[in-house]
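Here is a short note for a colleague meeting this structure for the first time. Please keep the sequence and the model side by side while reading.

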Amino acid sequence: RWALAYGTRQHGISLATFLQATSWVGANVLVLQDTAGTIFGAFSATSWQVARGYQGTGETFVFTFRDGALQAHRWTRANAYFILCGEDGLTFGGGEGRALRIESNFIGGSSDACVTYGNPGPLALEEEFDLVGLECYYFPDLCVLEDKKEEIMWRPDSVLV
């Protein structure tokens with residue numbers, strides 16, 4: 001079972017609102033859709049919070065749907081640059097390339113080959129992309145803070161998935 005914690009259509013395009021809505025969720029999946037129609041995203045085993053450096057665990061992975069099939073790219077153990085969450089946006093991977101970079105305005109981002117996750121190229125069709133929407137799902141059965149959802153702008157209806 002999963003539930004929507006944040007969606008750009010429901011909550012607007014604000015990193016601050018995203019962080020408020022997802023700071024308690026624990027394991028979660030980010031699902032993005034770009035203007036080319038590509039669906040891609042990432043899994044994080046931890047809640048979202050701004051930090052000075054990289055955070056997360058080796059359970060983190062990125063994915064894309066290509067030719068009707070899910071392509072997941074797991075941690076290669078090349079480095080520990082899992083997730084960077086800062087005031088300028090969200091980043092998955094580092095060192096040589098970034099698997100996924102989402103701008104703080106949630107309007108666009110970039111993706112390229114990344115040694116952290118071993119994805120051979122962009123998750124989207126192009127390295128630079130414009131977003132139609134972003135949604136963050138969590139797993140209520142695994143979340144120890146499920147009761148906190150009432151404190152956020154709770155709207156469990158998805159538009160992307």
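**Notes on the model**

1. The protein chain has 161 residues, and 48% of them count as buried. Buried means under 20% relative accessible area, exposed over 50%, and partly exposed in between (1.4 Å probe, protein chains only).

2. The model is predicted: local features need pLDDT of at least 70, side-chain atom pairs count only at pLDDT 80 or more, and totals for chains, interfaces and linings use all residues. Residues are numbered from 1 along each chain as its sequence is written, and side-chain values use heavy atoms, with hydrogens and water left out.

3. The protein chain holds 2 helices and 10 strands. These are DSSP runs numbered from the N terminus (helices H or I, at least four residues; strands E, at least two). Along the sequence the pattern is β-α-α-β-β-β-β-β-β-β-β-β.

4. Look next at Ser-47. It sits in the loop between strand E3 (39–44) and strand E4 (61–66). Ser-47 counts as buried because its relative accessibility is 18%.

5. Now Glu-127. This residue lies in the loop between strand E9 (108–110) and strand E10 (128–138). Its relative accessibility is 47%, so Glu-127 counts as partly exposed.
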